[in-house]
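I opened my notebook to look up a few places in this structure and to write down what I found at each of them.

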Amino acid sequence: MTLVPKVGFGQEGSWPARGGADRLSLGRALFRDDLPAEEPEACWLDGDEVWLRIEGLDPGYPVVLLGSMGAWIEPDYQTSFPFGSVVSVRLYFRGAEIGPLPALLVLQSMGLRGPLIGLSFQEVSARASGQIREALCALVDAGAAKAAASSLFRSAVAEAGQVREVIDDPRRVRDILSVLLRKKGIVRRAAESAPSLCVMLSEVGIGTVRWFGTEGWSEAAAVEIAGHSSVFRFNIRADQVRPGELVSALPARVERLRQSLQQRGVEAELTARFLHPQWLHLPPVEAEVVDVSFSSLRLVLREGQPPLSPRLKLALELPDGDDGVIHLRGEVQSLSAAEGAAQLCSVQVVAARREDERRWLRLVSRILHATTYGGTAWQAELWDLFDSSGYFNLSGRRPEHFDAIKPSFLTMAQKAAAIPHLLYNVACLSEHGIEGNFSIMKPYHSTWMIHQLAKRPKSASNLTSRQVLRDMFTRCFEHAQADPECRHIIAYAEARVAWNERSLFEFARVHERTGLVMSLPFHLVGVDARGAPRANDPPGGPFDIGEATPPEQAELLGQLCESSPRMYTEALDLVPSRLAMGPCIERWRSAGLERERAFLVARSGGAPVAAAILELGELGTNLFRLLDSVRVIPMRPGGDAAFGPLLDAACGWFRRVHRTSFIHFREHGRPAYAGRASLNDLGEGRLWIIARELIPEFVEHVYRLTEPKRH
């Protein structure tokens with residue numbers, strides 16, 4: 001949690017940080033200093049620290065969310081709760097009883113945790129309120145409670161700023177419901193007087209869906225289920241009704257409600273300030289930030305502050321938590337009433353300058369993710385993680401193979417903090433240190449690449465292996481989605497790793513028909529260029545090897561267009577407008593990083609028979625040097641015979657740019673090689689590519705795979 005104090009215009013000094021998470025030392029407990037300085041309004045509770053009993057109902061229930069305004073419990077799918085009525089409630093904490101408290105019983109969707117039963121306290125004595133506050137403080141001190149976002153208690157927030165997508169393809173509808181299996185949902189019946197019901201999606205058949213709940217219903221109703229990054233709504237009608245169970249037809253359509261990016265509540269004080277463009281004679285406006293995403297924030301304007309209006313342009317300032325100020329340009333998107341006479345305002349924002357973009361990405365990342373941190377204060381610990389996780393043993397390698405690249409890798413890990421628009425490293429941290437690492441970089445104009453996934457096999461922390469994977473995947477994919485240029489995410493994944501099969505390859509098979517994801521096989525070959533032919537060695541046999549001319553490059557593109565999927569050529573910048581990678585190369589070079597692309601062709605009788613696509617990347621960006629690569633493309637029958645001469649020529653090109661080795665992606669057959677370069681077979685892999693449009697469903701897929709094991 002990032003703590004950002006409120007400071008107004010004109011106050012002396014900068015906005016100091018209290019707990020800059022990305023700069024914490026691993027020598028101390030990471031979260032102890034990040035607790036809120038003030039009493040939280042409400043807290044999510046771990047375990048069964050606080051219990052609740054409802055008068056007239058036998059069982060007790062552990063409280064999962066508690067505040068002075070109410071308590072929330074999870075439904076058990078066996079008890080019929082009298083929703084809409086006032087009940088008497090007693091709380092139990094460490095042997096003490098709080099209450100009785102009158103509470104209104106309601107069913108609420110609380111986002112990622114699924115539906116919760118809410119008991120909104122109607123009258124709370126000063127003594128009971130004090131007891132609840134004392135319990136929360138004790139739980140926070142013990143590490144058994146985490147402050148809840150204030151936006152959870154503002155009903156106006158729930159529907160604001162959502163993006164709606166209607167899905168009516170029966171196969172996609174079935175896929176989505178399959179991801180939501182065993183998820184809790186809310187049934188909202190058509191009759192206004194009918195109370196909502198809580199159900200669970202228990203089985204998805206070819207054309208039917210089975211539901212489990214406290215009771216069946218026979219009339220048409222709307223069901224709402226929360227996934228990881230979206231809320232799904234669909235209408236169903238009962239075909240079969242049995243006690244506690246209902247069978248319906250597969251819904252004809254699903255409505256996905258999601259934020260423009262994952263938007264979550266701010267769990268600490270964060271204040272934005274701006275000059276009202278229509279009231280410039282007034283002092284700057286200070287507004288509490290209650291929700292943020294990478295592209296928007298939501299403000300609460302207090303009573304008496306000048307009102308805002310849609311489409312109004314704002315210049316905003318926020319503290320970045322690191323003794324700096326973030327400057328944003330914003331446009332008011334929507335307005336709604338909040339508590340009392342306050343105004344809730346959704347603002348779309350972009351960073352005013354490049355340095356503001358970096359600060360904004362870091363601040364939002366800290367708010368959105370509780371266990372993962374961007375930045376690179378842990379270079380030495382990262383190297384130890386790769387060693388202990390077994391990453392250095394992938395593709396038949398040994399740890400000593402990576403010693404030569406270690407200095408470059410550690411240097412790049414340090415540089416990455418200043419260029420999150422190109423390189424971003426995510427570390428999952430606990431009080432015991434680094435639990436996992438996942439990296440993402442932007443090697444092409446509109447494509448991000450995930451790589452270097454490593455996780456400790458055993459941990460002394462309370463973070464499970466599944467949570468580590470979920471949190472790192474979520475943060476990397478949300479970081480890529482924050483880039484408005486992002487159109488694709490790719491991965492060069494080892495083919496025989498179980499996690500890759502379940503997460504990447506299985507998803508690609510299921511969704512291949514959409515044309516928005518694919519998984520293409522290749523063979524990874526390491527090439528040692530030091531033993532290859534030198535300048536005074538004989539030329540390439542019957543072939544004339546040289547740089548590709550513009551007409552030859554155009555012919556190569558035509559060949560790729562015929563033989564490769566469009567997603568492949570689009571994602572790898574193998575299209576006419578981006579073939580030279582000019583803007584991408586300039587972006588890397590302006591950050592002080594190497595990036596280059598070149599084309600060699602083998603000619604026979606003056607006609608090109610095969611081509612090699614060579615790429616160079618900054619040393620240390622990837623431990624397997626995936627950016628220093630060669631692809632050989634046959635352009636005519638018999639072009640495979642030119643593989644050896646082209647590979648030898650590639651060795652010479654890489655030596656001229658001071659590389660002693662590179663990677664060959666063998667995507668076409670198994671051509672013979674009799675040259676002097678040393679080739680090392682690193683095994684089978686798959687190039688996984690996903691389009692931006694399908695990323696929300698993939699995140700849901702990862703969310704399902706990483707659910708806690710059921711005992």
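**Pocket, helix pair, loop residue**

I began with the lining of the second largest pocket, where I counted by class 21 nonpolar, eleven polar and six charged residues. I keep in mind throughout that this is a predicted model. The volume of this second largest pocket came out at about 780 Å³, and among its 38 lining residues the closest to the centre are Tyr 391, Leu 394, Leu 453, Val 497 and Asn 500. I then looked up which elements build the lining, and found that at least two residues each come from strand E28 (447-455), helix H6 (465-481), strand E29 (488-494), helix H7 (498-511), strand E30 (517-528) and strand E36 (678-691). E28 gives the largest share, six residues.

Next I turned to a pair of helices, H2 (residues 170-179) and H12 (residues 695-705), whose axes come within 9 Å and cross at roughly 35°. The crossing of H2 past H12 is left-handed. On the H2 side I noted Arg 172, Ile 176, Ser 178 and Val 179, which meet Glu 697, Glu 700, His 701 and Arg 704 of H12; the residues of this contact are two nonpolar, two polar and four charged.

Last, I looked up Arg 94, which sits in the loop between strand E5 (86-93) and strand E6 (96-109). Is Arg 94 buried or exposed? I recorded Arg 94 as exposed, because its relative accessible area is 54% and the cut-off for exposed is over 50%. Leaving aside residues up to four places away in sequence, Arg 94 touches Glu 49, Ala 138, Leu 139 and Ala 142. From Arg 94 to Trp 51 I noted 9.5 Å between C-alpha atoms, with the two 43 residues apart in sequence.

Conventions: Residues are numbered from 1 along each chain as its sequence is written. This is a predicted model: local features need pLDDT of at least 70, side-chain atom pairs count only at pLDDT 80 or more; totals for chains, interfaces and linings use all residues. Side-chain values use heavy atoms; hydrogens and water are left out. Axes are lines fitted to C-alpha atoms, for helices over the stretch in contact, and angles run from 0 to 180 degrees between N-to-C directions. Helices (H or I, at least four residues) and strands (E, at least two) are DSSP runs, numbered from the N terminus. A crossing is left-handed if the near helix is turned anticlockwise from the far one by less than a right angle, and right-handed if clockwise. Contact means heavy atoms within 4.5 Å. Ala, Val, Leu, Ile, Met, Phe, Trp, Tyr, Cys and Pro count as nonpolar, Asp, Glu, Lys and Arg as charged, and the others, Gly among them, as polar. Buried means under 20% relative accessible area, exposed over 50%, partly exposed in between (1.4 Å probe, protein chains only). On a 1 Å grid over the protein atoms alone, a cavity is a set of points where a 1.4 Å probe fits but cannot get out, and a pocket is an open set with protein on both sides within 12 Å along at least five of seven lines; lining residues have an atom within 4 Å of a point. Grid points are joined across faces, edges and corners, and a volume is the space filled by probe spheres set on the points.
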